[in-house]
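Open the model in your viewer and show the side chains. This tour goes from ring to ring.

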Amino acid sequence: MEQWENGRHRRPLLGRRRMLTWLAVGTVTAVGGGVALRQSLAGAAVTEAGPPPTAAPAASVAPAALDESGRKWSDAKGWGGKLPGPGSAVRITDKVVLDADARVGSLLIDAGGSLVFAKDRSLTLDSAGNVEVRGTLALAPDPAHTHTLRFPDIDEHRFQGGGMTVVDTDTGLWVTGSGYLRLDGAPRTAWVRAAAELKAGDTTVRLAADPEGWQAGDELAVTPTAPPDAADFSTSYDLVAVQRIDGRTVTLTAPLQHAHPQVSAGGGAVFGAEVLNLTRNVRVEGTEQGRAHVHLTSSRPADLRHAALRRVGPRAAGKESWNGQPVTEPVLGRYGLHFHMLLDTSRGTVVEGVVVRDAGSHAFVPHNSHGITFRGCISHQTWEDAYWWDGPTDTRTPQIPSDDIAYLGCVASRTVYEPNPRGYRLTGFSLGAGTGSTARDCVAVGVQGATGASGYEWPETSEGVWTFENCLAHNNLEDGIFVWQNSEHPHTVTGFAAYHNGGWGIEHGAYLNDFGYRASVLYGNAAGGIAVHALGRDKGTVFDGLLVDAAGQSDYAVATLKHQLDGEQVTLSRSRLTGYRKAGVAFRATADGKPDDIAVLDCEFGDGPELWLDPDAPAPKQILFRRAGQSGAVALGKPAPGLAAGPWNAATSPATAPTPPRQVALPALKFTDSAPRTGRVTG
């Protein structure tokens, strides 16, 4: 949990980098032929000559039209006769238009001031120190040009981390007070699926939808799709560049190095590799030697469209080691795009088509900030959980909620950890506490990590009831979905697909909860389709209308594992289980836990035994079975001593099922083949 300032965070001593000259725009005071010396203490008050800055706009103000009527940055007269240089701490209190590349020591845009990049030229502003926005900062080029804000001289060893207040050593982009940030690039379709199989050596990619806004030179990431028994199945990405675009056919500057097969998962779902466009013409970035961050505490919603945040999320030396080698850890509160403790003031914020890549920490963080929509965003090659907000301090403390968060058509790609064997429960999307939140049409691919790592996670002590629809997880090193909650509310997962993950399609724990998984497809996952740890809390967990095809990758389509507490029944119903090597459902409750309480009703099976009772499992509390198309049910139990087991390694007896027979209800999935359409800020 992040720490608020409240006296606990001390400002650093004034160092050489902060002994910079303030060039107070519009209020420059001549002293002995020079400029009045001012000192920057990370946003501390500065004595000004002349009138104070004008008041900042109210939080309810809509996006203003780009105003390029200010004076030109390149006009030395506006700076008292000398342009700012690499050693200058620049303070803007009036309207300024950046019309030439520039390099400064630091930048403060005060309330009432603005810095607008000229839209008709490509421009780069380098800042050795913080850029703080209390007024307006706008990067909104026309489609033919690029705007870049770069932090070239970051020393990550100096980062301190923290909460609300600008920290002098923690170099990045800070939006504070009533500041307004507009990153407004040219629209690009964030990602599109390949329309067919891609082979190693291919130099063209045919797409399943129009690549709107894509241009020659754009960098693409082609996601892995190979089955989990293939080498490097979760890491075989291709990073390629566009040479030419002809309709939906993209010609590459170099051939693909990996095969990316098209996958027919069943239920009408056919998936080509996602082709992610990582290029934007608005860029905020650090360097390979030092990562920056973006931190928003402003009461005015930002407008963030089609920007690329690269080399963000600094890391610090950790307190632990792995195999004798030191490891790093993320800096508290310094993430890729961090909305910090904004509560309702962030409502209405839209983040569209934004890419966070090559990041050392979390990519998108709406921390205790409500009503933010992320549409068509991409996290690629990031450390730590990609879409996330701060968890609780311990397992007895609830997570602070963020309400009404929407992830629409977003991608978590190549999420990593240091070192990977310690990446327990690493995830692409952490579905945290709060109400009214939605994840729809999202993709989690290439998530690394160790036990419990997944594309999507419902974490313990962080219960949020999400609308979760038509999301996909594939080629993650471990699970597609990982649930570890003792929930008080029912949860529903609809239209989910998981293919070619190295663990389970769905791994469902912790002890007692009520989930409903419906109309979903689990295909070719290495451990199996579903692992059941938890029993029901009130109504019980239900897996209904699923297609679970092990595709020869696993012994069982579904398996029960350790149940910590005695609870309500889990039901698997109206589903089809096929492609397994040994049995459709394996009952494997452990002797140090509670026995199985499972009903398998009205399901179809492929070749081989439908069920298998592990001889090492304890006698079940209840296992009910009724085949699809039959009216009678049986109960499975341990064979009596000295008697041979039946075909399922179990004894059977007639039983009464809790519901009448029903027909199998296989899913009919309709996944979109591209990111949602996005646009620029109006005005």
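Is Phe271 buried or exposed? Select Phe271 and look around it. Phe271 is buried, because its relative accessible area is 1%, and the cut-off for buried is under 20%. Keep in mind that this is a predicted model.

A search of the whole structure finds 25 aromatic pairs. Start with one of them: select Phe671 together with Phe271. These two rings form an edge-to-face pair, with 5.2 Å from centre to centre and 80° between the planes.

Phe671 counts as buried, because its relative accessibility is 17%.

Next stop: select Tyr387 and Phe429. Their ring centres are 4.3 Å apart and their planes are at 10°, so this pair is stacked. Trace the chain from each ring. Tyr387 sits in the loop between β35 (378-383) and β36 (406-408). Phe429 is in strand β38, residues 427-430. The pair links distant parts of the chain, 42 residues apart. Both Tyr387 and Phe429 are buried.

Finish with charges over rings. Select Arg291 and Trp383. The charged end of Arg291 sits over the Trp383 ring, 5.7 Å from its centre. Then move to Arg300 and Tyr180. Here the charged end of Arg300 sits over the ring of Tyr180, and the distance to the ring centre is 4.2 Å.

Note on methods:
Residues are numbered from 1 along each chain as its sequence is written. This is a predicted model: local features need pLDDT of at least 70, side-chain atom pairs count only at pLDDT 80 or more; totals for chains, interfaces and linings use all residues. Side-chain values use heavy atoms; hydrogens and water are left out. Rings of Phe, Tyr and Trp (its six-membered ring) pair if their centres lie within 6.5 Å; planes under 30 degrees apart count as stacked, over 60 as edge-to-face and the rest as tilted. Buried means under 20% relative accessible area, exposed over 50%, partly exposed in between (1.4 Å probe, protein chains only). Helices (H or I, at least four residues) and strands (E, at least two) are DSSP runs, numbered from the N terminus. A charge sits over a ring if NZ of Lys or CZ of Arg is within 6 Å of the ring centre and within 35 degrees of the ring normal.
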